[in-house]
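Open the model in your viewer and keep the selection tool at hand. The tour goes from the whole chain down to single residues.

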Amino acid sequence: MNPFSATILVCEDDPDHRMLMVEALQEQFPSARFIEAENGAECLELLSRESPHIVILDYRLGDMDGIEVLERIAAQPGHVAVLLVTSQGDEQIAVEAMKKGAADYVVKDSRMAFIDHLPISVQQAFRRIQAEIEKEDALEKVRVSEALNRTIIDQMMEAIVFVKPDGSILHLNKLARLLLGIDQSEIRHLSDMRDHPLAGEFEIRMKELMNDANMRMVESEFICGEMILTIRVSPAMREHDQLVGIIIAISDITKTRREEMERLEAINRTVFALAKAVELRDPYTAGHASNVVTIATAIARRINWDEKRILGLKLAGELHDIGKIAIPAEILTRPTQLSPIERAMLKEHTENGYKILKDIHFPFPVAEAVYQHHEVLDGSGYPRGLIGDQIIPEARILCVADVLDAITSHRPYRPGLGVDKAIEQLRKGYGTWYDPEVVDNALALIEEAGGVFWLSDSTSYDYRLREIRHEN
Ligand SMILES: [Fe+2]
Ligand SMILES: [Fe+2]
């Protein structure tokens, strides 16, 4: 739109003046549409009916003055450029008109010379109004985009908190208000959440993120009452990597985690039954798997493994000798030393165990840990002679736990050798066979407990001796 194709309303009570103005403008803007009013009431009526873009408004009208008409035009929605025409000596009125929203004014002189300048004033007034329209359009686009973003954020399946770098909260979506039990009218700044259980966690994660310019996300898990939540904190960046805010996304994973735990519990029960099946064939090693689990778990906790990883280690510990199910019971329980061929058969239990477990989907490297539990760091272990880092951490812990329980327990061909012998063995293989960190922690645990700490009641020496005597 431009003044050449605009609708121009000329409101002037003097018909001669009106005609002069229209003719002058028509000459400059031949494509524009002209409508005429001779008083204020007619002007307002045409304004609502014809929606002109420009109004040339004489100050002195028969029924009302131009300022009154201007005020009523300004009170209506939309953008109309009003050009007030005043008489000489009415400059004060012109100033008032500008304050009340007139785009410009022209002073009518007695010789009507202003007519020559009228088209230029119209063009300038139109430009001014056009700039206002563009500004309003841009603001409207921002408002629409903000509303759209809010709608999307409100409908997200995660609770979202948008925080400015200074800690003031810009927006909480519906789920965030529900999950956190807070309202944005009460909480305007993170410091207002001081008593909320999640406040400390938000603060820690935000600091982590803001202290490292390269970090794109910090994720943590948090137990809040009955709920297990994951909290993801990520930066909202504008161009040139300028941080404008921080997005905190919270998901309630209680149901998923509970189902996962139930699944693991079912696996656990199956695993325990399998381990018992092996032990039933060899009463001399009854309780060995659970002792290995006790030792391995204590070591893993001491080196700060998380509980999920420890659960995988427990499963591998329970199952580590499962492959013995394929070894004749007569070899397992032989009270004398085994022949080289029988020893080779016994060694096959690692590979057998792997074959039994490899197709079961555990969320942990259970089959691999079982496969590797007789591997040692220098490559002299079996079955594959793996070296150093080729042996997974789970297998390194199981290996040490296995040695500790095997040396201290009775065997068909010998009594238990005592904890000192076990310590001696671990020191002998320190760094060559056994992982030094694992050995250090195992020895520290023995020292703290003042000796063996892993024998459960059902596997105590007395119990085993009673069992052996009973069989004899
Ligand atoms: Fe074994
Ligand atoms: Fe074992």
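Start with the whole protein chain of this predicted model. Its radius of gyration is 44 Å, while a compact globule of 472 residues would come near 23 Å. Switch to cartoon view. The secondary structure comes to 18 helices and ten strands.

**Domains**

Colour by domain next. Domain 1 covers 7–149, domain 2 covers 158–252 and domain 3 covers 256–471. How far apart do the C-alpha centres of domain 2 and domain 3 lie? The separation is 44 Å.

**Helix 9 and helix 10**

Two packed helices are described by the angle between their axes and the distance between the axes. Select residues 288–302 for helix 9 and residues 307–319 for helix 10. Their axes are 8 Å apart, at an angle of about 155 degrees. Angles over 145 degrees count as roughly antiparallel, so helix 9 and helix 10 fall in that class. The crossing of helix 9 past helix 10 is right-handed.

Now show the side chains at the contact. On helix 9, pick A289, V292, V293, A296, T297, A300 and R301. On helix 10, pick I310, L313, K314, G317 and E318. Colour this contact of helix 9 with helix 10 by class: seven residues are nonpolar, two polar and three charged.

**Helix 9 and helix 17**

Which residues of helix 9 meet helix 17? They are I295, A298, I299 and R302. Facing them from helix 17 are V438, N441, A442, A444 and L445. By class, the contact of helix 9 with helix 17 has seven nonpolar residues, one polar and one charged.

Bring up helix 15, residues 393–408.

Select R396, I397, V400 and L404 on helix 15, then V438, V439 and A442 on helix 17. These make the contact. Six residues in the contact of helix 15 with helix 17 are nonpolar, none is polar and one is charged. V438 and A442 also belong to the contact of helix 17 with helix 9.

**Two backbone stops**

Most residues other than glycine have a negative phi, and most peptide bonds are trans. Two places depart from this. Zoom to P383, in the loop between helix 14 (366–372) and helix 15. The peptide bond joining Y382 and P383 is cis, with omega about 10 degrees.

Then jump to S51. This residue sits in the loop between helix 2 (40–50) and strand 3 (54–58). S51 is not a glycine, yet its phi is positive, about 45 degrees.

Definitions and conventions: Residues are numbered from 1 along each chain as its sequence is written. Chains are lettered from A and ligands numbered from 1 in the order in which they are written. This is a predicted model: local features need pLDDT of at least 70, side-chain atom pairs count only at pLDDT 80 or more; totals for chains, interfaces and linings use all residues. Axes are lines fitted to C-alpha atoms, for helices over the stretch in contact, and angles run from 0 to 180 degrees between N-to-C directions. Helices (H or I, at least four residues) and strands (E, at least two) are DSSP runs, numbered from the N terminus. Angles under 35 degrees count as roughly parallel, over 145 as roughly antiparallel, 65 to 115 as roughly perpendicular and the rest as oblique. A crossing is left-handed if the near helix is turned anticlockwise from the far one by less than a right angle, and right-handed if clockwise. Two residues are in contact if their C-beta atoms, placed from the backbone, lie within 7 Å. Ala, Val, Leu, Ile, Met, Phe, Trp, Tyr, Cys and Pro count as nonpolar, Asp, Glu, Lys and Arg as charged, and the others, Gly among them, as polar. Domain bounds come from an automatic or database domain assignment. The radius of gyration is taken over C-alpha atoms; the globule rule is 2.2 Å times the number of residues to the power 0.38.
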